[in-house]
Every structure is written in C-alpha cells, then in structure tokens.
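Here are my notes on this one. Have the model open while you go through the points.

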Amino acid sequence: MEHRNVVLIKADIKKSITVAKPSRLEFQHDRPDSLGRGEEGQVGHVRASIRERSVGGLAFKEYHSEGRAAHALKSYVQLKKAGLPVPSTFRLVKEGERYSGILMTDLTKDWNDVLITSNQTKRFVIGNVFRNNSSTVKSLAEYDIENPERLQDLKARLSVIAITAAKHGIEFNAHDVLSAIYHADGNLEFIISDMGNVHLNSELPLQDLESRNTSSANGILLMISEAKAIAKEMTNQVTR
C-alpha cells in the first residue's frame, strides 16, 4: 500500500472560503484500484485520513496541470451553488507545493454501480462491476432506453440540468460533460463528474446557451446505449 501526505482543500460554499487540512491518501495496489484514465491522468480508488479516521469510498483523479485542477474545484463550487448534480465529496489535493489532483466520491461504489462516461474505459469499468456484482450488469443489459416513456423522462431530466446550468451562465463545452450512474438497484442517475469542459460565465445569449447545453447533455444517451450493449454482450457470454 502506498501512502502520500497531502493537503486537502475544501470549498466551504456557505462561507465562500476554502479550508485546507493535512491528510494522507492510501493507494491500495493489492486490488484492482484503477477506475480508468481521464484526459489528465489516472483515476483510482483511495482511502483518505479525514478527522483522524480512514475513510473509503473515494477516488483520486490525477491532474498534470495545476491550473486545470484548481479550475475543477472552482467549477464544482459554481455547479453546486446552481443546484446541479455533482459528487458529494470534491477536494483539491496539494502535494508539496503543487496541486496534483482531485479527491472525490467513488461513483462506482467500490464496483457495485456502473459509471457511464464517454471515456474509452466503458468495457473495463463494466467488466469490473460484473466481476464484483454481476446483477448490476445483468440489470443494465435489460435496461430499455428506447422505451418512449422512459426516453422522454430521461430527456426531460437532462433538459432541466442543461437549462439550469444556462440560467447560471454555465456552458457545457463538449458532449461528455455529463456522466450517468447505473445503480445496483436499477436506477439511473445523471451527474457532472468531469469539470474540465465546464465553462463559467458564458457570454452566449441565454437561448443559444440552453440549446448548446441541451445538445451536450443528450450525448450521454448514446453512451448509455453503448454501455447497455457491452453489458448485454458480457451477460450473453456467461449464459452460453
């Protein structure tokens, strides 16, 4: 197990301040702790010492760019203030004199839920969930996203997220801003987990911004269809 002494920087939204506290990250290399790879670097399971106790259910997202790491926390604060769906835990990590990444909630719940993103690690993520909790993947394989009523509901939920963001001047710069979590109980949740393509203080007219955000948000529907196809393939291989 690898240990790193760090400082965790938390944004206190009510007081509009940041609070820095010493901590220690524990990387568990004796287990499949990698959650994949993002644009900036690796994402993996960790534990952290918080208030003198070891806390699990967390992930460390590596950032090579200090500026992008700091921007991620700033974006998180604005998204949360706007009432948009974001991870419950989100801390800027400082190692020595540099910002090295983000500590956040493990959205797979230790490989029990499927995190669906545009990342090319879908098969890797679904495979790990299948090995740990195959019922989640089997349920995802049967998820009927093309059902008209269900599709209408998903689009309506995405529209609320997109329009809410637009009303707060937040622009979704790419098609992969939103992720989805397929939970072990069969529920599907939308969340903004990657702050890299979130632009604050957009200068676009509100109507254009709403349209842009809606188009970006709807991109996750294709990712869900792809994840379902992978889940179905894995399930069929086992039942043959």
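Which side chain does E171 join in a polar contact? Let me start with the ground rules. This is a predicted model, where local features need pLDDT of at least 70, side-chain atom pairs count only at pLDDT 80 or more, and totals for chains, interfaces and linings use all residues. Residues are numbered from 1 along each chain as its sequence is written, and side-chain values use heavy atoms, with hydrogens and water left out.

1. The partner is S202: its side chain and that of E171 are joined by a polar contact of 2.8 Å (a pair of N or O atoms within 3.5 Å; within protein, one must be able to donate a hydrogen and the other to accept it, and residues adjacent in sequence count only if both atoms are side-chain atoms).

2. E171 sits in strand β9, residues 171-172 (strands are DSSP runs of E, at least two residues; helices are runs of H or I, at least four; both are numbered from the N terminus). E171 is buried, at 10% relative accessible area (buried is under 20%, exposed over 50%, partly exposed in between, with a 1.4 Å probe and protein chains only).

3. Now for helix α4, residues 148-167. Its buried residues are L154, L158, I161, A162, A165 and A166. They span an arc of only 135° around the axis, so they lie on the same side of α4 (the arc is that of the directions from the helix axis to the C-beta atoms). Exposed on the other side are P148, E149, Q152, V160 and K167.

4. At the start of α4, a side-chain oxygen of N147 comes within 3.0 Å of the backbone nitrogen of E149. Just after α4, G169 has a positive phi of about 70°.

Methods: Expected span 1.5 Å × (residues − 1).
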